[in-house]
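Subject: Structure for you to look at

Hello,

Here is the structure I said I would pass on.

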Amino acid sequence: MSVTKGLNFSQDSLLLTLVATPIGNLEDMSPRGIKALSEADDIFCEDTRNTEKLLSCLKIGKKNLHSCHDFNEEEESNKAIELIKEGKKVCYASDAGYPLVSDPGSRLVAKALENDIRVSVVPGPCAAINALVCSGLDSEHFYFEGFLPPKEKARNDELRELSERKETLIFYESPHRITKTLVAMCAVFGPRKAVIARELTKVHEEFIRGTLPELAILGEDELRGEMVIIVEGKPNASVEVDDNMICLALRDELEFERSGKEAVENVAKNMGVKKNRVYAIYLKTFKDNN
Ligand code: SAM
């Protein structure tokens, strides 16, 4: 067992300091975060241009910045460890929010611990937690998924697995995929309550609350900017699936160029409804239009 005590640069043991940064509002940068960055000799970060901007806004002078992202984290982590062993004060700062939360940094932390280097974090905002606590959904038990896989099959497999979880589910999503993701969620989760948390901590922060089918039909104009999706966990009682939801799910399947037969089978299986019912809706809505 290892025990970590006292968390600042003034202690004499080796230390890696993680620094959470604002997710859209500079005023969320904590005084401790500013102090850690000001005192650092070397700052590892995702994109040096973003960190340069942050430092300049915080009126922190020039620092040695090292770009450390998904594709070079291994080599850059070795460099960071060497610098810490030489006695340098080293921070790892995210572009936005917490490092390691759907962001790089986990290999760096693992390497630091392997090398008996203490790891400390200066806390700050995290989009997932901001969204969860304002969602109005159960915040006592939650499951953080982050980004779903981009490929359709992997995404749907993942959603099917998640559909059994009782905890509130938290997803990150980019604006160009949000509608497809909401439609896919409708098909697998049914009409659960959900919240889209947009532009958190910024001037246009907004929470759009409704059921998944209601959110899935929102227009692109309403879904701009950065977003978190919060979805109710599996309800205890089974929920009535309505025809609109079946229709949406069929449309999603057909958009992926599935045959009518495949689309009907998939929707019936995912939503747990009878095949003849889905087939009747398919005939009425899609077949007559072709
Ligand atoms: N490390 C970050 C954190 O602690 O929240 C998350 C970084 S992840 C690469 C970026 C995703 O976080 C975005 O696609 C979006 O889903 C979410 N996000 C970040 N900032 C946000 C904001 N201001 N409002 C809503 N969602 C945000």
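The notes below cover a sheet and then a helix.

Please keep in mind that this is a predicted model.

The sheet

The sheet is open and has five strands, which pair in parallel in the order β3-β2-β4-β1-β5. The edge positions are taken by β3 (64–67) and β5 (118–122). Each of these has a single partner strand, so one side of each is left without a neighbour in the sheet. From one strand to the next, the twist averages 25°.

If you want one place to check the pairing, take β2 (residues 42–45) and β3, which run parallel and are joined by four bridges. In this pair, Asp42 stands opposite Asn64 in β3. Helix α2 (residues 48–57) lies across both β2 and β3, and runs at about 145° to β3.

Helix α11

Which residues of helix α11 (residues 275–287) are buried? They are Val278, Ile281, Tyr282 and Phe286. Seen down the axis of α11, these buried residues fall within an arc of 105°, so they line one face of the helix.

Regards

How values were computed
Residues numbered from 1 in each chain as written. Predicted model: local features only at pLDDT ≥ 70, side-chain atom pairs only at ≥ 80, totals over all residues. Heavy atoms only, no water. Pairing = 2+ DSSP bridges. Helix = DSSP H or I, 4+ residues; strand = E, 2+ residues; numbered from the N terminus. Axes fitted to C-alpha atoms, helices over the stretch in contact; angles between N-to-C directions. Contact = heavy atoms within 4.5 Å. Buried < 20%, exposed > 50% of the residue type's maximum accessible area, 1.4 Å probe, protein only. Arc of directions from axis to C-beta.
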